[in-house]
Each structure stands twice: as structure tokens, then as C-alpha cells.
Amino acid sequence: MESWLLDSQAREPEGSPATRLDGPLVGELAMDTLGPGAATQAPVVVEDGVRVSGGPMLHDVLPIVTAGSSMVDLRSEMTASISLSQGKCTKVVAVPEMPKKTTKESFRERKKGVLVLVSHTDRQSLSMASQAVASMFALALLLGAFASIPHSVESIGVCYGMSANNLPAASTVVGMFKSYGINSMRLYAPDQAALQAVGGTGVNVVVGAPNDVLSALAASPAAAASWVRNNIQAYPKVSFRYVCVGNEVAGGATQNLLPAMQNVQGALASAGLGHIKVTTSVSQAILGVYSPPSAGAFTGEADAFMGPVVQFLARTGGPLMANIYPYLAWAYNPSAMDMRYALFTAPGTVVQDGAYGYQNLFDTTVDAFYTAMGKHGGDGVKLVVSESGWPSGGGQAANPANARIYNQYLINHVGRGTPRHPGGIETYVFSMFNENQKDNGVEQNWGLFYPNMQHVYPISF
């Protein structure tokens with residue numbers, strides 16, 4: 001969500017009976033409709049559920065539109081005075097408690113919803129109104145309003161890559177996940193320090209069985225049982241979500257993929273851990289056709305091993321994980337694609353596919369995967385985006401500004417889903433840190449943070 005800094009210059013729109021919010025106005029307004037970089041100097045007035053002065057279209061972003069003379073929004077710790085007319089919200093005025101400091105930074109630290117400070121007179125009158133006890137009906141409507149909002153944070157995790165010699169201690173990294181509200185972590189291998197640190201924190205973990213153990217896991221159920229015992233059962237406090245067997249397995253190694261997945265799934269079931277689903281992570285390059293999405297298909301080479309993998313996932317209830325990088329698709333041939341289509345900033349539909357319009361390459365690719373899986377009996381298999389991001393350096397259009405735009409749009413977007421598959425898309429941003437032991441160029445520059453834990457660019461979860 002982006003920050004809108006509000007000032008004290010209230011303006012009433014012509015021909016509208018909008019209520020003015022006078023006095024010092026400083027705050028942060030959660031929004032996802034206009035994207036990173038947006039800013040306004042107008043206060044916010046809402047009537048009939050629609051913004052009439054300042055800010056974005058609030059009916060898309062406010063979590064507080066409900067009945068009752070007043071209520072407390074638990075997400076942003078503010079009191080909101082609500083006016084209703086025939087069951088519709090006609091005015092919303094939100095008043096938080098005055099923070100100890102009213103700087104731009106203090107509000108960003110709160111990372112809450114909508115904050116609007118009004119004049120002392122208005123504060124007094126609204127404070128009196130807020131003392132009324134909301135009815136049970138109003139509370140029920142409030143809960144319903146929260147339930148109706150896309151909770152993108154719940155769909156977002158971050159990949160914790162370790163190809164670097166200068167990263168913080170795992171316990172510190174887990175603390176960063178918690179402090180930034182990142183609820184899911186992808187580990188590429190069962191790192192002992194990371195698993196010990198994340199246990200008991202409530203952070204969900206996708207743990208990888210790396211490519212170099214696939215042949216052993218495929219050859220022996222006993223080897224798979226040993227791997228599960230040492231890397232899953234040994235950490236009973238960890239909230240394991242998936243075991244990802246292999247990452248972008250290609251070539252001759254694909255013959256080991258399905259047997260390894262089957263043996264790990266069997267070992268988990270035997271250990272009473274069948275709720276931890278087994279999956280694998282594939283490259284977007286296995287799509288031979290991705291546009292239009294209705295024609296999505298795997299390459300001929302991928303068809304040979306993906307058919308059985310998809311059928312296994314359909315039987316066991318596991319998802320398919322896919323690494324989706326619009327940047328790489330664009331950068332391969334920049335002249336063939338408008339970068340805005342890859343960056344989530346295209347002004348309108350780029351690909352019309354029957355009744356479905358696609359405005360960004362991310363959605364196009366996700367739905368192409370669904371079509372390709374459907375051709376192998378995988379209509380009920382969920383797609384999880386195991387990696388996505390934009391580099392901040394090392395290549396064409398790889399800079400912090402574009403990386404911030406892409407990743408903030410991604411975070412805001414995935415809670416809503418794609419044209420063909422509405423609903424949250426579980427997605428893992430790549431990556432937590434810049435990693436200096438990867439190849440030179442963009443490979444070293446996918447991080448949200450530098451190894452010193454400073455932001456590469458501002459981002460909000």
C-alpha cells in the first residue's frame with residue numbers, strides 16, 4: 001500500500017455538499033488504485049461511499065465502511081464517525097489518537113490504514129460521538145466489511161535466499177520477517193539456523209529439497225524417510241506449509257522429479273505429516289505458449305515430465321509452484337513488448353482473450369499455467385507463485401524505482417487474483433536480500449534489503 005501525505009488545505013468540490021475537514025491534516029492513507037509515487041495535498045471527504053474531495057476512490061480501500069454512529073477500526077486504531085442514509089455510507093470521518101510526533105516518518109512506522117487528523121473542535125465533537133456503544137448489528141457489519149476486503153498480506157511471502165557471505169544472522173532475519181509483517185518464508189534448503197529461528201514464530205515455511213538430493217530421494221524411500229526425519233520432524237515448532245522438491249529441474253534430472261516427490265510424500269504420510277503438501281517449483285520457461293492464456297501449453301520437452309507431475313498434484317492436493325518473472329520475459333526482447341505490460345503499469349487491456357482482458361503479463365502467465373495444467377488433468381491444482389520480482393540494478397530498466405513499482409503493485413495485486421481465477425494468489429517475492437555470491441548483473445540485485453538490513457527501496461506489506 002502506498003502513502004498519501006495529507007495537509008491542511010481542505011477544498012470543497014463545486015456543487016457538492018461535502019463536509020470540510022479543517023485544521024491540521026497529516027496522515028497516511030492506504031491505497032492500491034493509483035500505484036507507487038502517487039501523492040496528494042488534499043484532505044479526504046467521503047459521501048455515498050465515494051471520494052468527493054482528495055485521495056483515491058476510498059470505497060476500494062477503506063476497511064471501515066459500516067453502520068453505526070461511531071466505531072473503532074481495529075486495524076488502524078482509529079475512531080471513525082459513520083453516517084448512514086438508507087443503509088449506505090454517506091460520510092466517513094476518521095480520527096486517530098494524536099501520536100507523540102506528527103512527522104511523515106512516524107505515520108509510516110504505524111503502517112496502518114487511514115489516518116486523518118482534524119482540528120481540535122472537530123476532534124472534540126467526534127470524540128463525544130465515539131463514546132456511543134456500537135450495536136451488535138454494526139459489529140456484524142464491521143466484521144463483514146473486513147471479510148470482503150482482499151487481504152493481500154495473507155497471500156504474500158518472501159524468498160530467503162542465502163547465496164551471500166555477508167547476510168545477517170538467521171535469527172535477525174526471522175525478526176525482520178516478523179517486524180515487517182511477512183507471514184510466509186521460502187527456504188531453498190533446510191538450513192538449520194533458519195529453521196531453529198523460525199520455529200514457534202507463526203511464520204509459515206516452504207522448505208526446499210534441493211536439486212542435488214533428488215537422485216537419492218528418488219532412488220530410495222528410506223532416504224526420503226531419513227530426509228523427512230532430519231529436516232521436518234526435527235523441527236516440530238516450525239509451521240511447514242510445503243516441501244518443494246527441486247527448483248527449476250531440467251534436462252536429464254527431470255526423470256528423478258516424480259519419484260522423489262512420491263517418496264517424500266510417502267515419508268510425510270508415514271510420519272503423520274500428510275498435511276504438509278509436496279510440490280515442485282518450475283520455471284516460466286516451460287510454457288511453450290503463454291499468450292493468450294486460453295492457449296497456454298507446456299513445451300514439448302516439459303510435457304513429458306509435467307503431465308505425470310500435475311497428475312500427482314491433482315491426486316495429493318498439492319499446488320504447482322512456478323517462478324514468474326515478467327522482467328525476464330520483457331528483457332529478453334525489449335522491443336517486442338511495452339515495458340508497462342511487464343511492470344503492472346499498462347493504462348488499459350493489452351491482451352483480450354475472449355471475455356477476459358489482461359492488463360499485465362503476470363496475470364497472463366498465471367492463467368496460462370492454469371490452462372496448461374488443465375490439459376494434463378490438473379483443473380483442480382492450485383498455482384503458487386514461488387518467485388517473482390524485479391531487479392534494482394545490473395541490467396536494462398533494472399533500477400530501484402522500477403523494482404519498487406513492480407513489487408508494490410505485486411503485493412497489492414495478488415490478493416485479488418487474475419481475470420480467470422479471482423481470489424488470492426499465494427506469491428513469494430524474490431528476494432529478501434541482494435546476494436553477492438550470485439552471478440554478476442541482475443542476479444545480485446533482486447533483494448528488498450541490502451545485507452546491512454537497509455531497504456533497497458521503500459516497500460509496504
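Is Lys382 buried, exposed or partly exposed? Lys382 is partly exposed, with a relative accessible area of 37%. Here, buried means under 20% relative accessible area, exposed means over 50%, and partly exposed lies in between (1.4 Å probe, protein chains only).

Keep in mind that this is a predicted model, where local features need pLDDT of at least 70, side-chain atom pairs count only at pLDDT 80 or more, and totals for chains, interfaces and linings use all residues. Residues are numbered from 1 along each chain as its sequence is written, and side-chain values use heavy atoms, leaving out hydrogens and water.

Now to the charged pairs. Side chains of opposite charge can pair when their charged atoms come close. A salt bridge is a side-chain nitrogen of Lys or Arg within 4 Å of a carboxyl oxygen of Asp or Glu. The whole structure holds five salt bridges, including these:

| Pair | Closest N to O |
|---|---|
| Arg186 and Glu387 | 3.2 Å |

Let's start with Arg186 and Glu387, which form a salt bridge. Arg186 sits in strand β7 (residues 184-187) and Glu387 in strand β16 (residues 383-388), so their pairing ties together parts that are 201 residues apart in sequence. Strands are DSSP runs (E, at least two residues), numbered from the N terminus. Both Arg186 and Glu387 are buried.

Asp338 is partly exposed at 40% relative accessibility, and Arg340 is partly exposed at 39%.

Arg241 joins Lys382 and Glu426 in a network of salt bridges.

Terms used: Helix = DSSP H or I, 4+ residues; strand = E, 2+ residues; numbered from the N terminus.
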